[in-house]
Amino acid sequence: MPDSTEASSTWIRQRNPLTDGLPRFPDLDSIAAALAFDPLAGIDVKSLDIATRIGLLNSEKSPLQPTSVSVQCALAWQGMLLTGLDRRNPLNNAARLDYWQTLMNPGRSVSQPPKLPSKGMAIHVVKGPTGTGKSVTADRFCALYPQQAVERAGCEAAGFKHLLQLIYLQVDMSADGTRGGFITGTLLQMDRALGTNYAASLKKQFRTVEQLTVALIARLIAHHTGILFIDEGQLRNLVQCGHADLIQLFLLQLMNSGIPTVFVGNERAFDWVEYSQDLSRLKLIPGARFSPPGSLIPGDPRSPSTQHAKLLADADAQTLVDGIMSYYLLKESPQRPEECIQTLLQRSGSIARLGLTLWTSAQLQALLLHGREYVTPEDIKSAYNSTDFDALRPLADGFNYRKPELFAHYPDVASAFYRKIWGFPADESALSVVTRFDVPMIT
């Protein structure tokens, strides 16, 4: 058996103090079960008074029955986290030397922030329309690791007397797309997890954004950060903001640091990546697209050639609606449940957040307008036709009827992408104004 302090082909099986105690999920079923989340689990709904139930219907809720893309993402992220830490195993002489050399020489200039050896780098891009479960899946994955920061006991062989390790870090893009806003938010999140005071102390020590960038990346490396999630990537804060070129360069520097990173955002947030060297890094791990179930089936979904894809999409749609309908606060079972399922999927365009919006609105209408303790398909249709849903209806209908012209209202939806997938002529993608929607009526 090779010495654990030497680099070898068996590095992945060596003992690693950075991964001690971290859960490992060996297959799809085990990680799917761990991801699933029911916010009403353990609550006796029938014992709750109406005020409490209305409060729950109006509050933040994020049930999750993981679809196939959620499970695939979680397995990819687990691999990025654990394999990345194994590559940085401080019991390995070469990895330990790389670590200390990186920290002792964090950057030759402010334009060259520190970077770990590229062999430990992994980038995953997760994109999709709003409300399709991207952020909820990331939240649930991080919840699999209840200790965000772990105190590691001294290990002479590893070269440290004490280590405060950051297992994961979740940060949002700054709303205005500035580097300073993002760096401040990231340091604040590190302080919450680690009990440090980086947000205040580093801003006093380093006066420019470039210097803060170097300091931030160095500290992420120093704490052996396992995986970094950057959420809320949007067209307006990455492409259309007045300093888009600066924030884009900053993200490329962060991407090159060697810390496994997951970018989460809407479909057009990453269109700015054009250079082959950057694109190749983004493709080290196949990206994930959280689109409504069935929306990625090319051409006519009723065609015999698409039947296998349709079976998978139908399974995901059933999983999606099961998760939505599990958030039920009425005392009697829904009437005509199969019709409720189909109505909910159609009227929401199979978009998770829109489905949950319609489902909770239908329950509120049943309780408050009709004095009923059960939901009917008509309640869902009423919620869909309400003025509250006006701004979202074209989005739902666009996916339900495969009509990309309805996406003209939403610049962050990749209408040209769906137009191509659904078999529409390419020249029609130039349409920018829609004055009439040819949408079949549903009753």
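Modeller: His-224 is buried, because its relative accessible area is 4% and the cut-off for buried is under 20%. The model is predicted. His-224 belongs to the loop that runs between helix H8 (209-222) and strand S5 (227-233). Its phi is near 50 degrees, which is a positive value in a residue other than glycine. Ser-350 also has a positive phi, near 60 degrees, and is likewise a residue other than glycine. Ser-350 is placed in the loop between helix H13 (337-348) and helix H14 (352-368), and with a relative accessible area of 12% Ser-350 is buried.

Now to the aromatic side chains. Searching the whole structure gives 14 aromatic pairs. Phe-399 and Phe-407 are both buried, and for Phe-407 the relative accessibility is 2%.

Phe-407 also pairs with Trp-422. That pair is tilted too, with 6.2 Å from centre to centre and 50 degrees between the planes. Phe-407 sits in the loop between helix H16 (393-401) and helix H17 (415-421), while Trp-422 is in the segment after H17, so the contact ties together parts 15 residues apart in sequence. Trp-422 is buried, at a relative accessible area of 7%.

The charged end of Arg-393 is positioned over the ring of Tyr-384, at 5.4 Å from the ring centre. The charged end of Arg-219 sits over the ring of Tyr-198, and here the distance to the ring centre is 5.8 Å.

Ile-50, Leu-368 and Leu-369 make a nonpolar patch of about 310 Å². Ile-50 is part of helix H2 (residues 50-58). Its relative accessible area is 40%, so Ile-50 counts as partly exposed; that class lies between the limits of 20% and 50%.

Conventions. Residues numbered from 1 in each chain as written. Predicted model: local features only at pLDDT ≥ 70, side-chain atom pairs only at ≥ 80, totals over all residues. Heavy atoms only, no water. Patch = residues over 30% accessible without salt bridge, like charges linked within 9 Å, V, L, I, M, F, W, Y side chains within 5 Å. Areas by Shrake-Rupley, 256 points an atom, 1.4 Å probe, with all protein chains shown as cover. Salt bridge = Lys/Arg side-chain N within 4 Å of Asp/Glu carboxyl O. Helix = DSSP H or I, 4+ residues; strand = E, 2+ residues; numbered from the N terminus. Buried < 20%, exposed > 50% of the residue type's maximum accessible area, 1.4 Å probe, protein only. Phe/Tyr/Trp six-rings, centres within 6.5 Å; stacked < 30°, edge-to-face > 60°. Lys NZ or Arg CZ within 6 Å of the ring centre and 35° of its normal.
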